[in-house]
Amino acid sequence: MDDERLDEASEDGIPPSPKRTAWCGELREGDVGRRVAVCGWVSARREHGEHLSFVDLRDYTGVVQCVVDSAAEARTESVLRIVGTVRLRPEGTENPKIPTGSVELVDCEVEVLSRAEPPPFLPSRSQHIDETTRLRHRYLDLRSERMQRNLRTRARVLRALRSAMDSMGFVEVETPLLVAATPEGARDFLVPSRLHRGKFYALPQSPQLFKQLCMVGGVDRYYQIARCLRDEDLRADRQFEFTQLDLEASFVGPDDVIEFVSSAVASAVEEVLGTRPSFETATWHEVMERYGTDKPDLRLGMELVDVSSVFAETEARVFRAPCVKGLRVPGGADVSRARLDRLTELAKSWGAGGLAWFRVAGGGVESPLARHVEREAPRLVEAMGAEDGDLLLLVADKRPTANEVLGRLRTHLGESVGAPGDLVFLWVVDFPLFEAVESGIPRPAHHPFTMPHPEDLPMLERWDYLDDEERLSVRSLAYDLVVNGWELGSGSIRITDPAVQALVFRLLGLSEEVARKRFGFLLEAFGYGAPPHGGFALGIDRFVAVLCGEENIREVIAFPKTQSGVDPLTGAPSEPDPLQLEELGIVVPGSGVPDESDQAIQNSTTI
């Protein structure tokens, strides 16, 4: 193509190049008169007579209208290079819906760089296409404005996090992807070894042990944008493969780690949204009592209220329970009886014996139970801080059950009415050390290297004399970061005192022999001088999803798996070539692997 003079991009634009001198979505009235070259995909075309066509050319910055002599070869989603002159659109033809709507390119020369077949869907309509089809043709979906925005937001977040960590003296260290299997956490993905038949590597669920070894190695402050893999059931906020900001620091306490992470997260939020957020802090016990969950959405309000004292001497049998807690739904009195019945069924499905409801009106209450609580009603309204038009939901049960059920109802109702768009970050601290006790053996709430709270160490030493409720009250130096009902990440201060570690292992039922077998290389390293240290892992996928306003992390991952763990694009998981199995010494029953008499299978592994 014989290009005429191409004007260079403005100082704030891209440098000129042989192919492109301007971005489609950045042309404005100030560019009128410039001769530019733009490149991109045909978003749409419109024929106006035999020799006049309008082509909307799109790149990741947006769309610009080009007036061309003929668009016969400009099929939708074909790749074009168009050289033209920027002019104002004729009066009355402007398009205020797009940033470039006041200008267009004229006197155009068109070069078809790649012709496209009719696509299964248009990128501009991909949000209306079922997910399997979108993922099968993910390269088309990635062209959509939504996916372009999400992926570029993700890149900005990673850049901001790296910059923040570097500014605080953290060193980026890469850790192995082929590791030994670990017994805790989710299932490992296993990788067979060709050189060591019958043995397997595991893909890392996290760099946990290696980052602790970095502390023993004197790195002092480590971080990594780490790829992690877990073979677990997938949900909207889970993928087999996920990315986290992983960090560890020596000679720190919980407050130090919280400050590091808060600073990095705030920098990323500021980079994307232009404002620097604040962070609240509450203990695990406080959030469970106030919200019924350890990842509350603080935007919803509606705190749980303990009204056990109101019903301490009640004659209503339904409220004779160890704990009675209530949830006030502002303005919820107009909820239909059918909806209340559905809420009651939900409460029962979550473990409650039932759900009591009261509409507040005229300073009193309306409910099928109203006549049974005439004496308690005024005190209930006062204790709940209720006003006319509010709805009160009560659960009478054991305290953990009441908290959980009302917490889930709170979240359910919040989702139904919607929530403001602000980001409200909360640090939840002082988590329990154990999440359950079975036959006297506790199950760690975090991992077996989590440091118990110093004030609660005496309880561990008197373990055999405690009941299960006391055992579960033992706190740890563990902490989570939560935003808008999403758990973004968790961390803890680690055990480095051999005596404390031995005590925890003993309580977990791990003999010294078993502990050495599972964690020997780490325990050996600790024997050569381990500084006190702690760390954190921030889920990048969840963080970016929140910033992008997405409810599913698959929308911020370039090539995710479906909820069933399948990749429609590549066909993974797929059956391996029999020769590959033979080389690895693996026999899969019914796979058609060569006869067992083959010498190569003599030392094989059957899976």
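Colleague: In this predicted model, over how many bridges do strand 18 and strand 19 pair?
Modeller: Helices (H or I, at least four residues) and strands (E, at least two) are DSSP runs, numbered from the N terminus. Two strands pair if DSSP finds at least two bridges between them. Strand 18 covers residues 434–438 and strand 19 covers 441–444, and their antiparallel pairing runs over four bridges.

Colleague: Which residue in the turn of that hairpin has a positive phi?
Modeller: Strands 18 and 19 form a hairpin with two residues between them. Phi is positive there, about 55°, at Ser439.

Colleague: Before we go on, what counts in this model?
Modeller: Residues are numbered from 1 along each chain as its sequence is written, and side-chain values use heavy atoms, leaving out hydrogens and water. It's a predicted model, so local features need pLDDT of at least 70, side-chain atom pairs count only at pLDDT 80 or more, and totals for chains, interfaces and linings use all residues.

Colleague: How many aromatic pairs does a search of the whole structure find?
Modeller: Rings of Phe, Tyr and Trp (its six-membered ring) pair if their centres lie within 6.5 Å; planes under 30 degrees apart count as stacked, over 60 as edge-to-face and the rest as tilted. Searching the whole structure gives 14.

Colleague: Are the planes of Trp23 and Tyr60 stacked or edge-to-face?
Modeller: Their ring centres are 5.0 Å apart. The planes meet at 70°, so the pair is edge-to-face.

Colleague: Which charged end sits over the ring of Tyr60?
Modeller: A charge counts if NZ of Lys or CZ of Arg is within 6 Å of the ring centre and within 35 degrees of the ring normal. Here the charged end is 3.5 Å from the centre, and belongs to Arg152.
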